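Please keep the sequence and the structure open beside them.

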Amino acid sequence: MLTIALSETRSLSMNINQLSEKTIGCPYCGESIKVLIDTSELQQQYIEDCQVCCKPINFIISANLEGELIVNVYSEDEAF
Ligand SMILES: [Zn+2]
């Protein structure tokens, strides 16, 4: 089961076509976990618990010049 905390500021309605599945590495346990990214908003930040170790992962979503989705993850104690 996936629990996704989407940005509360987004105004577009839910659309499955705007969700992109990405695999990231947990900064705590190192496990690869799949997350669904809402691509309707390319500048967003949220916290989602790791599906393996249940620790809160900071997600920073952005896009490069080609419009490609960039997903960065940080642990709670990392400064960014
Ligand atoms: Zn983990």
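1. Terms and ground rules. Two strands pair if DSSP finds at least two bridges between them. Strands are DSSP runs of E with at least two residues, helices are runs of H or I with at least four residues, and both are numbered from the N terminus. The model is predicted: local features need pLDDT of at least 70, side-chain atom pairs count only at pLDDT 80 or more, and totals for chains, interfaces and linings use all residues. Residues are numbered from 1 along each chain as its sequence is written.

2. Confidence. The pLDDT is the predictor's confidence in each residue, from 0 to 100. The chain averages 83, and 76% of the residues score at least 70. Over residues 8–15 the pLDDT is below 50. This stretch has four contacts in the model beyond near neighbours in sequence; a contact means that two C-beta atoms, placed from the backbone, lie within 7 Å. Where pLDDT is low, the predicted coordinates should not be read in detail.

3. Overall make-up. The chain has five strands and zero helices. In sequence order the pattern is β-β-β-β-β. Of the 80 residues in the chain, 5% are buried. Buried means 20 or more other C-beta atoms within 10 Å of the residue's own, exposed means 12 or fewer, and partly exposed lies in between, with C-beta atoms placed from the backbone. Take the contacts between residues at least 6 apart in sequence: 40% of them join residues at least 24 apart.

4. The sheet. Which strands form the open sheet, and in what order? Three strands form it, in the order β3-β4-β5, with antiparallel pairing. β3 and β5 stand at the edges with a single partner strand each, so one side of each has no neighbour in the sheet. From one strand to the next the twist averages 25°. Here axes are lines fitted to C-alpha atoms, for helices over the stretch in contact, and angles run from 0 to 180 degrees between N-to-C directions.

5. Pairing inside the sheet. β3 covers residues 44–49 and β4 covers residues 56–63; six bridges join them. Q45 is opposite I60 in β4. E48 is opposite I57 in β4. Six bridges also join β4 to β5, residues 69–74, and this pair is antiparallel. I60 has N72 as its bridge partner in β5.

6. Six residues separate β3 from β4 in their hairpin. C54, in the loop between these strands, has a positive phi of about 65° although it is not a glycine. Most residues other than glycine have a negative phi. Why is C54 classed as exposed? Because 9 other C-beta atoms lie within 10 Å. The hairpin of β4 and β5 has five residues between the strands, and G67 there takes a positive phi near 85°.

7. The β1–β2 hairpin. β1 (residues 19–25) and β2 (residues 32–38) run antiparallel and are joined by seven bridges. L19 has D38 as its bridge partner in β2. Six residues lie between the two strands, and G30 in the turn has a positive phi of about 80°.

8. V35. This residue sits in β2. V35 is partly exposed because 19 other C-beta atoms lie within 10 Å. Leaving aside neighbours within four places in sequence, V35 is in contact with K22, I24 and E48. V35 and I24 are 11 residues apart along the chain, and their C-alpha atoms are separated by 7.4 Å.

9. Q44 and Q45. Q45 counts as partly exposed, with 13 C-beta neighbours inside 10 Å. Q44 is also classed as partly exposed, with 17. Beyond neighbours within four places in sequence, Q45 is in contact with N58, F59 and I60. Q45 and S62 are 17 residues apart in sequence and 8.9 Å apart, C-alpha to C-alpha. Q44 and V71 are 27 residues apart along the chain, with 9.9 Å between their C-alpha atoms.
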